[in-house]
Number of protein chains: 2
Amino acid sequence: MVTQPVTVPNVERIHARYKAMLQALRRANYRITPQRMAVCQFLAETRSHPTPSEIYHAVKEQFPTISRATVYNTVAVLKDLGEIIELPSGGSAGVRYETDITPHVNLTCMRCGRIFDVALEDLDSILHEIDARTQFNVTSFHIEGYGVCPDCQEA
Amino acid sequence: MVTQPVTVPNVERIHARYKAMLQALRRANYRITPQRMAVCQFLAETRSHPTPSEIYHAVKEQFPTISRATVYNTVAVLKDLGEIIELPSGGSAGVRYETDITPHVNLTCMRCGRIFDVALEDLDSILHEIDARTQFNVTSFHIEGYGVCPDCQEA
DNA sequence: GCAAAAAGTTAGAACGAGTATAATTTTAGA
DNA sequence: TCTAAAATTATACTCGTTCTAACTTTTTGC
């Protein structure tokens, strides 16, 4: 079983993430609408690297008339602001979104398509080395690993 | 300007990559067809993180009747075999494929959408640490960095 | 070299993810 | 409270991706 990081999703962390997203929107002069708040809340809560469709269906429970365009617009804005990251989905479901923008490792199982988060220490040294070698202004990074998860190894 | 790695694409490297892809297909009991060879050749040669559409149009020069489904099937098989990696394309162009499966850094400019490859040393230590912390069988990994490229910083 | 099974390709259709659009609604600031 | 402009909506549209049935090709064994 993949070692889950010691940090457990809790109300504080979710709230901080939610607040950070809303602040990013405000700072960039985007309007704060109930729909955007709901999308941010869902994204702050989820651990599942959701597709746009999954986000849509989750938010639709609270806002039955929400339009898909609204969801797509909202995640696009959040992505532009660097609050979420777009991942290849590893299946036929289009893109997935990563809400943890701190440096970490995503391990994608090439069998079942699931994505596992792993926290590693000392990833900052990578950022230093990228800075030393390039003139690219890097604002976030993570590591994408591919292979077979423990469950699929047993099957 | 992003520092390009000292390694320059040359005929030997391209040929080795091409051969590796064909061998992976053979080893997995896939048939070697002229269309698959052409896709592999193009992928071995390109440095451009091509979309499926770009692959299709490149191969269509040599095989004017090739079907899109054939291209999609071929890259899907190569992806399943771990010979190429799927990247988010950062635009509306669907996915892009990465043909360099050695550990390295992809820097994606969030303005223009271009993807820059950077080679770093000592990335193997990351693999060791993932192994130490998880039971995930990792076969390849790379680093995804996001930010603004030098060109877009000047504009 | 031939035959056959099965994989692979093809052309075109289908699907659905993602985007566009015009009308309507809502937000935020004065 | 009013208003300008942003945001949402329902629906249509685009296009990337996958499906399908017929046909072709590869590979293996004889």
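1. Let's start with a cysteine: B:Cys40 is buried (under 20% relative accessible area, where over 50% is exposed and in between is partly exposed; 1.4 Å probe, protein chains only), and its relative accessible area is 0%. Please keep in mind that this is a predicted model, in which local features need pLDDT of at least 70 and side-chain atom pairs count only at pLDDT 80 or more, while totals for chains, interfaces and linings use all residues. Residues are numbered from 1 along each chain as its sequence is written, chains are lettered from A and ligands numbered from 1 in the order in which they are written, and side-chain values use heavy atoms, with hydrogens and water left out.

2. Over all chains, the search finds zero disulfides (pairs of cysteine sulfur atoms within 2.5 Å). For A:Cys149, the nearest cysteine sulfur belongs to A:Cys109, 3.7 Å away. A:Cys149 is buried too, at a relative accessible area of 0%.

3. Now to the interface. Chain B brings 44 residues into contact (heavy atoms within 4.5 Å) with 44 residues of chain A. About 3,500 Å² is buried between the two chains (accessible area, 1.4 Å probe, lost on being put together, summed over both), and carbon and sulfur atoms give 60% of that area. On the chain B side, B:Arg133, B:Phe136 and B:Tyr146 lose the most area to chain A, together 21% of what that side buries.

4. Two salt bridges (a side-chain nitrogen of Lys or Arg within 4 Å of a carboxyl oxygen of Asp or Glu) cross this interface. One salt bridge joins B:Glu121 to A:Arg133, with N to O at 3.0 Å.
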